[in-house]
Amino acid sequence: MTRAMSSHLSGGNRRTTADLKPAHFGWRVEGRVGVITLNRPERKNPLTFDSYAELRDLFRTLAYADDVRAVVVQGEGGNFCSGGDVHEIIGPLVAMPMPDLLAFTRMTGDLVKAMRDCPQPVIAAVDGICAGAGAIIAMSADIRLGTHRTKTGFLFVRVGLAGCDMGACAMLPRIVGQGRASELLYTGRALPGEEALAWGFYNRLAEPAAVAAEAIAWAAELAAGPSFGHAMTKRMLHQEWSMGVDEAIESEAQAQAICMMTQDFQRAYHAFVAKQKPVFEGD
C-alpha cells in the first residue's frame, strides 16, 4: 500500500482489512474492492444477532481502511438475504422485555448508520430472495444490482410490525417515491426484479450467474476513481437530505473547495493537459 493511497488518514487511524476473518459471513479483498458474502445458503442467508453486530462493526472499521475503496455485499447460493432468522432472532424477541427489544432495534439501525457512514461506495449484488432486513441492507447500499428473479420484500408488516424499521420510512421513499414506498411497507409484497428496476430500486439487472462478477467489476471501476471525492459525494448525498437548497449549495461549495486541495484534482488536470487518463491515488 503506497503512502499516497492512505495519506488522508492520520497516523494511528489506518487499518488494513484484508486479514480480517469475520465469524458470521465471508470477507475478502480483491484489488481495492472488499467483498462481503452472506454465507448461510441453506437458510437463504438469514441474519442473526451476531451477524448484525459483526456487519455493523466491519462497516465501522471500513472508515479507517486504507486498502479498500469500494465494497460489494452479496449472498451465497442464489439468494441475497432472507432477513432475520426466524428461530435465532424472531423467536427470542417474542420473550424479551422492552429494554432488550430497544437495544436490539437500535443495534440493527446502527448497521444502516455504519453503512451510510463508511466512506466507500457500497454496491449490493442481489439475486433471489431479498427480504426484511436483507431488503434494508440492499436499500442502504449506494448502488443496487439485481436480477430478473430477484424478489425484494419489506416484510415487517407480515409479522405484525410497522414498516418503519432501520430507516425504511426515511430512505425508501427517496429511492422509489412516497407512494410506491407506502405500498411496499403497508403490504409487504415481493417486488420482482423488472418492476424494481422500473421503480428505480435497482440501478441495473444482470444475469444471475453474472451478478456478482458485474458488481465487483463495477466496484473496481469506482475504486479506480478519486476515492476522497467519492467519500465526499457519499457524505453530501446523505447529509443534504435534511438541508434546504441554500444550505446544500453552501455545503457543496465548501466540500468541493476541500476536494480542490487534493492531489487527485491536480493529477486530473495534468493528465487532461497531457491527453492522458488520470491515475487517482485517493489523496
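Buried here means under 20% relative accessible area, exposed means over 50%, and partly exposed is anything in between, judged with a 1.4 Å probe and protein chains only. Helices (H or I, at least four residues) and strands (E, at least two) are DSSP runs, numbered from the N terminus. This is a predicted model, in which local features need pLDDT of at least 70 and side-chain atom pairs count only at pLDDT 80 or more, while totals for chains, interfaces and linings use all residues. Residues are numbered from 1 along each chain as its sequence is written, and side-chain values use heavy atoms, with hydrogens and water left out.

Two strands count as paired if DSSP finds at least two bridges between them. By that rule, S4 pairs with strand S3 (residues 70-75) in the parallel sense, over four bridges, and Val73 has Ala124 as its bridge partner in S4. S4 also pairs with strand S6 (residues 143-147), again in the parallel sense, this time over three bridges.

Thr147 counts as buried because its relative accessible area is 0%. Contact means heavy atoms within 4.5 Å.

Next comes an open sheet of three strands, in the order S5-S7-S8 and with mixed pairing. Its edge strands are S5 (129-131) and S8 (191-192), each of which pairs on one side only. S5 and S7 (residues 151-153) run parallel and share three bridges, with Ile129 opposite Lys151 in S7. Helix H5 (residues 133-140) lies across S5 and S7, running at about 90° to S5; the axes are lines fitted to C-alpha atoms, for helices over the stretch in contact, and angles run from 0 to 180 degrees between N-to-C directions.

Out on the surface, Val86, Ile90 and Val94 form a nonpolar patch with about 280 Å² of accessible area together. Accessible areas come from the Shrake-Rupley method with a 1.4 Å probe. Ile90 is part of helix H3 (residues 86-94) and counts as partly exposed, because its relative accessibility is 33%.

Definitions and conventions
Patch = residues over 30% accessible without salt bridge, like charges linked within 9 Å, V, L, I, M, F, W, Y side chains within 5 Å. Salt bridge = Lys/Arg side-chain N within 4 Å of Asp/Glu carboxyl O.
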